[in-house]
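Let's take a walk through this one together. Have the sequence and the 3D view open side by side, and we'll go from the overall picture down to a few individual residues.

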Amino acid sequence: MLGPEAVGSFARRHRYHPLEALPWLVAVAAYFAFPTYVPLGAQILATILFALSADLVLGYAGIVTLGQAAFFGAGAYTAGLLATHGWGEPITGLLAGAAVAALIGLLSGLVILRTTGLTLLMLTLVVASMLYEAVNKASWLTGGDDGLQGMEVWPIFGRFRFDLFGNTAYLYCLIVLFLCWLAVRRLVHSPFGRSLVGIRENVRRMHAIGAPVGGRRLVVYTISAALAGISGALIAQTTQFVALSFLGLDRSGTVLIMLIIGGVGRLYGAFIGVPLYMIAQDRFSTIDPVYWFFWIGLLMVLLVVFARGGVLGLAERLQSRVRSRR
Amino acid sequence: MSPPVLETRGLTKSFGALAVANMIDFRLERGARHALIGPNGAGKTSFVELVTGGLPPNAGHILVEGAEITRLPQAARVKRGLVRTFQITALFRGLNILENVTLAICERRGIGGRLFRPAGRYRAAIEEAFALVERLGLADEALRPVNTLAYGRQRLVEIAVALALTPKVLLLDEPAAGVPSGESGTIIDVIESLPLDIALLIIEHDMDLVFRLAQRITVMVQGSILVEGPPEAIAADPEVRRVYLGERKPA
């Protein structure tokens, strides 16, 4: 292979592919096509951001976590508390949610990221559980088990009121998700993002080429926490409610399932797994209100057995099979 | 006289009763072609781990160009030019050759932590990586994931990644291990053609390779240095023949 050719193909990799417009076209089309599902759509969009934050730590840096809900909940409670205490401005609410979540990510990361593997997994769980109990105990402030009620979210930019049909909420979530996706996409294509892949692929080698592995992991953990915080704040603002379950293990686990369904470490896994899961959940729970979780479980088993790497992994294999036949 | 490029003084490490390094005094001169040999379990790889910072020693000192580095983390030692390869290939398996080398170059240039500009825009780094890949004869496969390469080629990538860090001292941990004999020639050629400002410490079981490349040989047994000297002296040493060479074909 010629030098300029190889270097060029490497140097062009961060450019946009036409297929990358697809999720956004679908999101806009869905808004017009299914007006009654717009509120669910807003939830899906905000949850995609949550799954994207998990993909950054799990899929790129290889940090296995069961505590991502801690940051989601921290963002939600921050935005929620601001809105119940007389500051309902949504954008600053999002930013405050991101800041608080990032701070918790940074401080907990400083301690727990010294470990790896199973120990780290347990410690992420511990951090989330501690936060859960702290919020539960502080019921005078947070409403404890009853959740945080009485949020008053102001119109966006003082103009766009959150309406009953969820139209504003949908577009708000869509725009925030789009901006965050742009940032994450930039991040994973940067040298920093590539070094995260290096850490995931072979941490010993990363040490051996002189990379400050601990620092890199802490930075990505903090950024991921901030994104999860924005996602939580989005859901709090658009539903005007924060439940204690936002901080629960259930949520941390579910987001991983959604991500695995879509495909981990591929940036677009969240865009496929989250809608699939949440729409399936919506459908199954209508058809079979008691046993719907069974069907989700069955779907999960089938995916793990027959489609490792999730839907995107499956697509990649089909693509390479088609190519090799030519 | 300038200090040796790498030196250890009384380097000691033990796991319980097992001493993997016992008071090791070792000097690697500038531009040296030095081999470290010894039977399995002699502590050769542990010595590499100690020197590069993968294992903390119990006692002793490690110096690079006369400066103490015993307590420095691994990354800081790499910045001082202390670079290793792995006995069992340790590459970024899913990534292609060019990217494996580029990651190392980015770290050396201090741009590995940049957050926003796409990696593809750091063209000089990629071009430098490609030049190195080409120099080692890997250009044809530059865009192939390393886990699809023949093992001998993977060993070359291992060396390419190390060279990307512009080492002063290069510790080659069994560079030809596991490579079919037909392909080990390429690896030997590459090692022979390395610039003389890199001091090499080669750990190897393949005696052909050792006696072809090394100007000095250190023999380790059970965590201690048994003897050190030029190849002829080592080959003639009765003690060495007994513990080590005698088990194999004479060199």
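pLDDT is the predictor's confidence in each residue, on a scale from 0 to 100. For chain B the mean pLDDT is 91, with 96% of its residues at 70 or more. The complex as a whole gets an ipTM of 0.88 and a pTM of 0.92 from the predictor. This is a predicted model, in which local features need pLDDT of at least 70, side-chain atom pairs count only at pLDDT 80 or more, and totals for chains, interfaces and linings use all residues. For finding your way around, residues are numbered from 1 along each chain as its sequence is written, while chains are lettered from A and ligands numbered from 1 in the order in which they are written.

Let's begin with the sheet in chain B. Helices (H or I, at least four residues) and strands (E, at least two) are DSSP runs, numbered from the N terminus, and two strands pair if DSSP finds at least two bridges between them. Chain B has an open sheet of six strands, in the order β6-β7-β8-β3-β9-β10, with mixed pairing. At its edges are β6 (82–84) and β10 (224–229) of chain B, each pairing on one side only. From one strand to the next, the twist averages 20°.

Now zoom in on β3(B). Strand β3 (residues 33–37) of chain B pairs in the parallel sense with β8 (residues 199–203) of chain B, over four bridges. Here R33(B) stands opposite L200(B), and H34(B) stands opposite L201(B). Four bridges also join β3(B) to β9(B), and these two run parallel; I37(B) has V219(B) of β9(B) as its bridge partner.

How many residues of β3(B) are buried? A residue is buried if 20 or more other C-beta atoms lie within 10 Å of its own, exposed if 12 or fewer, and partly exposed in between, with C-beta atoms placed from the backbone. Five of the five residues of β3(B) are buried, so the strand is largely enclosed by the rest of the structure. R33(B), A35(B) and I37(B) point one way, and H34(B) and L36(B) the other way.

Next, the core. A nonpolar core is a set of buried Ala, Val, Leu, Ile, Met, Phe, Trp, Tyr and Cys residues joined through C-beta atoms within 7 Å. The largest one has 182 residues, and those with the most contacts inside it are C173(A), V101(B), V133(B) and A160(B). Helix α3 (residues 38–60) of chain A gives the most to this core, with 14 residues.

What about the place where the chains meet? Two residues are in contact if their C-beta atoms, placed from the backbone, lie within 7 Å. The contact takes 31 residues from chain A and 39 residues from chain B. On the side of chain A that touches chain B, α9(A) gives the most, with seven residues.

Most residues other than glycine have a negative phi. T166(B), though not a glycine, has a positive phi of about 40°, and its place is in the loop between α5 (151–163) and β7 of chain B. E174(B) has a positive phi too, near 45°, and lies in the loop between β7 and α6 (181–192) of chain B.

Definitions and conventions:
Axes fitted to C-alpha atoms, helices over the stretch in contact; angles between N-to-C directions.
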